[in-house]
Amino acid sequence: MSAKNLDQRGRFRSKIVAFRVSPEEDELIEKAVHLSGLTKQDFIIKRLQNKEVVVQGNPKVFKALKDELREVLDELKRISTGNTVDPDMVETIQLITMTLDGMKRDDEWL
């Protein structure tokens, strides 16, 4: 039998909450989770409770930022040929900006 999954206050998490999303919504959620450095469960709980998601810089977060910035660069190259901007990419750019801004305030590394 596996160990009980307790939250930060020692409460046992015994309830399951599930919902359906579109593939596009799932992709945006996954990007936000990777950029936060949190588990998907912790990220969703914080967002649903309107709590601030504080990003702790670590190698996993830096790799996620690097990967997302690579996608942004590819999108910018595509846009420079006269194509329109994908609204999902705009959301990703805003998420990256908020993540980097939060890390800058915490560590003043930029």
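This report describes helix 1 and three residues, K31, T92 and K46, in a predicted model.

## Basis of the model

The structure is predicted: local features need pLDDT of at least 70, side-chain atom pairs count only at pLDDT 80 or more, and totals for chains, interfaces and linings use all residues. Residues are numbered from 1 along each chain as its sequence is written, and side-chain values use heavy atoms, with hydrogens and water left out.

## Helix 1

Helix 1 covers residues 23–36; helices here are DSSP runs (H or I, at least four residues), numbered from the N terminus. Its 14 residues reach 20 Å from first C-alpha to last, close to the 20 Å expected at 1.5 Å a residue, where the expected span is 1.5 Å times one less than the number of residues.

The buried residues of this helix are K31, A32, V33, L35 and S36. Buried means under 20% relative accessible area, exposed over 50%, and partly exposed in between (1.4 Å probe, protein chains only). Just after the helix, G37 takes a positive phi of about 80°.

## K31 and T92

K31 counts as buried because its relative accessible area is 9%. Beyond residues up to four places away in sequence, K31 touches E68, E71, T92 and L95; contact means heavy atoms within 4.5 Å. The side chains of K31 and E71 are also joined by a polar contact of 3.4 Å (a pair of N or O atoms within 3.5 Å; within protein, one must be able to donate a hydrogen and the other to accept it, and residues adjacent in sequence count only if both atoms are side-chain atoms).

T92 lies in helix 4, residues 87–107, and is buried at 2% relative accessibility. With residues up to four places away not counted, T92 touches L28, K31 and E68.

## K46

K46 belongs to helix 2, residues 40–48. K46 is partly exposed, at 24% relative accessibility, and touches L38, K51, E52 and V53, not counting residues up to four places away in sequence.

Technical notes
Helix = DSSP H or I, 4+ residues; strand = E, 2+ residues; numbered from the N terminus.
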